[in-house]
Amino acid sequence: VVSTQVQAPNGSMGGYISHEFHLQSDTGEDTLNICNKCGHVFNPEVSTENGPCSHDDSCQSNYVELGHVFMLGDKYTKVFNCTAQDAPHTPLYMGCYGLGLSRILAALVEVSMAIRKDSSFLWPHNVAPFKVCVVLPKKGSKEFPFMEELIMSQMTSLQLTNENAQDVLIEDRVKQTIGRRIKDCELYGIGKYIILGRGLSPQQGQSPYFELRDLHESTTDTIGIEHLSSTIKSLVQTV
């Protein structure tokens, strides 16, 4: 998400200066001006920053405020006589910030849907509810009998920390098809899938494999089943 920094009124917080960070969006509740000459974005209620452009030719657009920072200076520290140990007669300079977490999440969804140009969305990897979804084979399929022998030994050797283990979703509703379960998980915005399907019982002469599907990159790779645990570890440890 690329935000735009705009000078803002200090309001009741006071201080010397404050800035808001906005995302341009048709659903935004804030209205800002965009200079048609230089592209500068500004709040018409606040005097614009000095510069070579007068911003006298502008249009309006809707924005979502994602965050706000305040340079409070010594407004509060002077009152409470807050000073540094090595400068007892000089009030500290103070600043603060606020982040609209729910607005940031909504902005991530909006940007994702705009990129994908359909009704689905993907969370960025570092904020997704799960970093990878492991889809087990359907019960009754020819691959299902291979699951315990080929997979469970790999999963046992994972030895993930409690934190990393929470990033792995095991899709074990094995009475449903793999495709149906992947569609359901896409509603969660998960972007990476390890699919344990037909590759577990390959044709004669082939080694067992799994599919690694990355919806962010629109790629599907086939990887040997012996690399299952190392692949999961790599995905959950990626920031």
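This note covers salt bridges, a surface patch, a pocket and a cavity in the predicted model above.

1. **Ground rules.** The model is predicted, so local features need pLDDT of at least 70 and side-chain atom pairs count only at pLDDT 80 or more, while totals for chains, interfaces and linings use all residues. Residues are numbered from 1 along each chain as its sequence is written, and side-chain values use heavy atoms, with hydrogens and water left out.

2. **Salt bridges.** Side chains of opposite charge can pair when their charged atoms come close. The rule here asks for a side-chain nitrogen of Lys or Arg within 4 Å of a carboxyl oxygen of Asp or Glu. The count comes to seven. Three of these pairs are taken up below, among them D56 with K37.

3. **D56 and K37.** Their side chains meet at 2.8 Å, N to O. The pair links distant parts of the chain, 19 residues apart: K37 sits in the loop between strand 3 (30-35) and strand 4 (41-42), and D56 in the loop between strand 4 and strand 5 (58-73). Strands are DSSP runs of E with at least two residues, and helices are runs of H or I with at least four, numbered from the N terminus. D56 counts as exposed because its relative accessibility is 58%. K37 is also exposed, at 53%. The classes are buried under 20% relative accessible area, exposed over 50% and partly exposed in between (1.4 Å probe, protein chains only).

4. **K192 and D214.** This salt bridge has an N to O distance of 2.5 Å. K192 lies in strand 11 (residues 192-195) and D214 in strand 12 (residues 209-214), so the pair links distant parts of the chain, 22 residues apart. K192 is buried, at 14% relative accessible area. D214 is buried too, at 12%.

5. **A network.** Salt bridges that share partners join E171, R173, R180 and D184 into one network. Within it, the side chains of E171 and R173 meet at 2.9 Å, N to O. E171 counts as buried because its relative accessibility is 5%. R173 is partly exposed, at 35%.

6. **Surface patch.** Y16, I17, M71 and Y93 make a nonpolar patch of about 430 Å². Patch residues have over 30% relative accessible area and no salt bridge; like charges are joined within 9 Å, and nonpolar side chains (Val, Leu, Ile, Met, Phe, Trp, Tyr) within 5 Å. Areas come from the Shrake-Rupley method with a 1.4 Å probe, and for residues only the protein chains shown count as cover. I17 belongs to strand 2 (residues 17-24). Its relative accessible area is 32%, so I17 is partly exposed.

7. **Largest pocket.** The space in it is about 190 Å³. A pocket is an open set of points on a 1 Å grid over the protein atoms alone, with protein on both sides within 12 Å along at least five of seven lines; lining residues have an atom within 4 Å of a point. The lining includes V1, L108, W123 and H216. By class it has seven nonpolar, two polar and one charged residues.

8. **Largest cavity.** In a cavity, a 1.4 Å probe fits but cannot get out. The whole structure holds one of 30 Å³ or more. The largest has a volume of about 30 Å³, that is, the space filled by probe spheres set on the grid points, which are joined across faces, edges and corners. W123, K192 and H216 are among its lining residues. The lining has four nonpolar, four polar and two charged residues.

Notes
Nonpolar A, V, L, I, M, F, W, Y, C, P; charged D, E, K, R; others polar.
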